[in-house]
Amino acid sequence: MRLLRIQKLKVAVNLGQNLGFNFLHECWNDDPVLVIVIKKLIAKYPQWGIACVDGVLFDWNE
């Protein structure tokens with residue numbers, strides 16, 4: 001499962017494809033390794049309105 005998620009996240013990093021808050025939140029809660037990748041992703045694309053505050057993932061658009 002991790003490999004599939006990492007592939008999706010890498011594609012998102014390269015293409016700027018927003019995978020959606022629900023997918024990112026699911027990865028965030030299930031796999032601590034993916035937290036690092038997601039932090040880099042949301043830092044690269046702040047226009048998505050997703051941020052990490054005190055170790056919690058937030059969707060500022062909702």
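Trainee: Why is Arg-5 called buried?

Mentor: In this predicted model, Arg-5 has a relative accessibility of 8%. Buried means under 20%, so Arg-5 counts as buried.

Trainee: What makes the contact between Arg-5 and Glu-26 a salt bridge?

Mentor: Their side chains meet at 2.7 Å, N to O. The cut-off is within 4 Å, from a side-chain nitrogen of Lys or Arg to a carboxyl oxygen of Asp or Glu, so the pair qualifies.

Trainee: What makes Arg-5, Glu-26 and Asp-30 one network?

Mentor: Shared partners in salt bridges join them. Arg-5 also meets Asp-30, at 3.3 Å, N to O. Asp-30 is in helix 2 and Arg-5 in helix 1, so that pair ties together parts 25 residues apart in sequence.

Trainee: Which side chain does Arg-2 meet in a salt bridge?

Mentor: Arg-2 pairs with Asp-31, at 2.7 Å, N to O. Arg-2 sits in helix 1 and Asp-31 in the loop between helix 2 and helix 3, 29 residues apart, so the pair links distant parts of the chain.

Trainee: Is Asp-31 buried or exposed?

Mentor: Asp-31 is at 7% relative accessibility and therefore counts as buried, the cut-off being under 20%. Arg-2, at 40%, counts as partly exposed.

Notes. Residues are numbered from 1 along each chain as its sequence is written. This is a predicted model: local features need pLDDT of at least 70, side-chain atom pairs count only at pLDDT 80 or more; totals for chains, interfaces and linings use all residues. Side-chain values use heavy atoms; hydrogens and water are left out. Helices (H or I, at least four residues) and strands (E, at least two) are DSSP runs, numbered from the N terminus. Buried means under 20% relative accessible area, exposed over 50%, partly exposed in between (1.4 Å probe, protein chains only).
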